[in-house]
Amino acid sequence: MATLFISGVAGAILAVTLWKLGILENVVAEQFPVANLGWASYTVLGFVGGATIWYALSFLRIRVIRLLLSYDHWFIRKPNVFDYLWAMCLKVLMDSKNLGIRGYQDMLPALPVPPLKATCRKFLVTVKPLLNDEEYSEAKQAVMEFLNEKGPYIQRMLCLQAWRSRNWCSDYWVEYAYLRGRASILINSNYFALDSTEPTSPHQLDRAAMRMHFVLKFFMVERAGKLPNALARNLVPFCGHYFAYVFGSSRIPHKNCDEVQLHHESRHMVVIRKGQYFKVTVLDESGRIMSPGQLKSILQKIVDTVGDEEKNNYISSLTAQDRDVWAQQREILLQNPINSKTIEALDTSLFICCLDETRPESVVERANDCFVGNGSNRWLDKGVSYVFNANGRASANVEHSCLDATVTAQVWEYIGHMEDYDDHGYLVDKGSEIIAEPPIKLQWCFDQHEDFLIAARNNYETMVADSDLACDSMDYGKRIPKLAKLSPDGWFQMAIQLAYYRIHQKFVLTYESATTRMFYKGRTETIRPVSEFSCKFARLFDDPNAKDEDKKDALKKAIGYQEQYKLESMRGLAIDRHLFGLYLIAKGLNVKPFPRLFEHMSWCLPFTLSTSQTPTKLTKYYKFEGSAQLGGFGTVADNGYGVSYIVRGEDNINFSVHSRKSCSATDSSNMLEQIRKALNDMRELYDL
């Protein structure tokens, strides 16, 4: 707006100057003989003209940049002359300085709608290894019917939706993939992240105060547009839309469908200590942040107030229930002004700080502690809850509906880089002090509603008892697959496939996440790593009659397929979001007869294996010592696994594997051990 005003002023000055020189007056007299304009009229016309020209040029510049950024061949092949010319044009048109995490939103291209025939072809390729001949023949017939009958019409309607919105998928995805889910978000949706291998401070309150200070610093710097965007090749920006949900977001339960609320105007966080809740104002009215020393003092007051009382009230386990159940109970609780005030403080808080009394040491103990808590210390509806253990360990529990790991990982890298302690692990105070308000203890009233807590506790304990989480760290990183001249991510994916096949002697539909953040409001797309090549590799690997060269060739082709699919996913040209959009359009238009494709078993196959690589080195703030050690999530299928891994450099990879104990066919520890064995066997195959 400032530039627009300046352009208008410049236009007005130019118009008045030309009028005084008689140039503009002569032109106007020739075109409009009856016009008798004075300096005020020329000032207005000049201002409007200058502002209009600036706006038109800016509009054109943004559209050209969007067009240039929609070009994606720069990351799928070696650069050629055209790529260099493309990069030169971008550098000329884009601002030389980094515009910040959310400063490029207007420039980002729209998410494309893939061609219908290509999606149908890829769909058949991905399901063929998972079906028998009869099932595949039925699937192929259903696909051909869709292509020849209702498919083109539904595709046109989806393209119309894409024409009206720069991301035809994002809002639908949040609603149908997350908010309409009625199952508990404990384990099923929320995920966790753990801090570095060794805590930077063994003192809980010092660690909490320091990290909370820099979480707030991130909030203020990002809101001011001063936090740099993570540019690919120092040129192509990523979407920063969902950074808005890192602070002040809450998932509010409603019958049938939840909603996500944002409260960026908030100035407080909520601290949970032994099931008791405290509202802590962390920003003053001018937006200044409480210093680490002040934060530590406030947290100490909370710890002293709670004292040594051991009380597990299971209030937070209310948020771990079926979403319709919790929605109904919440409405009843809100009728009491005491509960209403407390729930409002939780909903509107910037984030939650959990001061746990536990001292988990091993990685699996820490993961379980953060992931499920004890029923009293994880308010799961909050966007981000930062967890601090009594031994100084730090972690985070994240509500997934609007926050993918690519977003929260950047916050983690920032605060990990900024932490500063003395030689004894005590915080080094930074920043100026503000007038601090004392913490306010939040109260609850469950008169006549104790049954809510009993039901919530029973549900929580049942879910936790069924949760099977295994974690491990391996001295094995990118170096091995690089020496084999193969893609590291594809290498790890094939190890997971081999491990699963060795246990279950079959192949299942597998999910791997890929980022689509190069598009406006982009989040993720699905990579389907299972192929005829990966199946051949897994079968060959333990065949005593198979030659090593044949195994290597099968592995190379399997990884090549996975890598190609990943690139197509990042370009918005994979199949799962596209089929999801087509399905919703068909449902919304009440297409009759409903396409048989969306009723066939090939479409309904569950993602028995759900996998994801936690991203690292997303920002200039990354350092190994302060980076996340591991992240994890729950299995999507009751008879499947949720496998998360993070590659920390050339010689370290950490895995978390989750399954359900109620399924006799799965065992997380066994799956983790088989992944380890597969990785070592693949290394031996190449004599590395």
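Lys566 sits in helix α19 (residues 548-570), where helices are DSSP runs of H or I with at least four residues, strands are E runs of at least two, and both are numbered from the N terminus. This is a predicted model, in which local features need pLDDT of at least 70, side-chain atom pairs count only at pLDDT 80 or more, and totals for chains, interfaces and linings use all residues. Residues are numbered from 1 along each chain as its sequence is written, and side-chain values use heavy atoms, with hydrogens and water left out.

**Lys566**
- Lys566 counts as buried because its relative accessibility is 16%, and buried means under 20% relative accessible area (1.4 Å probe, protein chains only).
- Leaving aside residues up to four places away in sequence, Lys566 touches Ser487, Asp489, Ala514 and Ile527; contact means heavy atoms within 4.5 Å.

**Strand β1**
- In a regular strand, side chains alternate between the two faces of the sheet.
- In β1 (residues 191-194), Tyr191 and Ala193 point one way, Phe192 and Leu194 point the other way, and all are buried.
- β1 pairs antiparallel with β8 (residues 394-398) over 4 bridges; pairing takes at least two DSSP bridges between two strands.
- Leu194 has Ser395 as its bridge partner in β8.
- β1 also runs antiparallel to β14 (residues 630-632), joined by 3 bridges, with Phe192 opposite Gly632.

- The lining of the largest cavity divides into 7 nonpolar, 7 polar and 4 charged residues; Ala, Val, Leu, Ile, Met, Phe, Trp, Tyr, Cys and Pro count as nonpolar, Asp, Glu, Lys and Arg as charged, and the others, Gly among them, as polar.

Technical notes: Buried means under 20% relative accessible area, exposed over 50%, partly exposed in between (1.4 Å probe, protein chains only).
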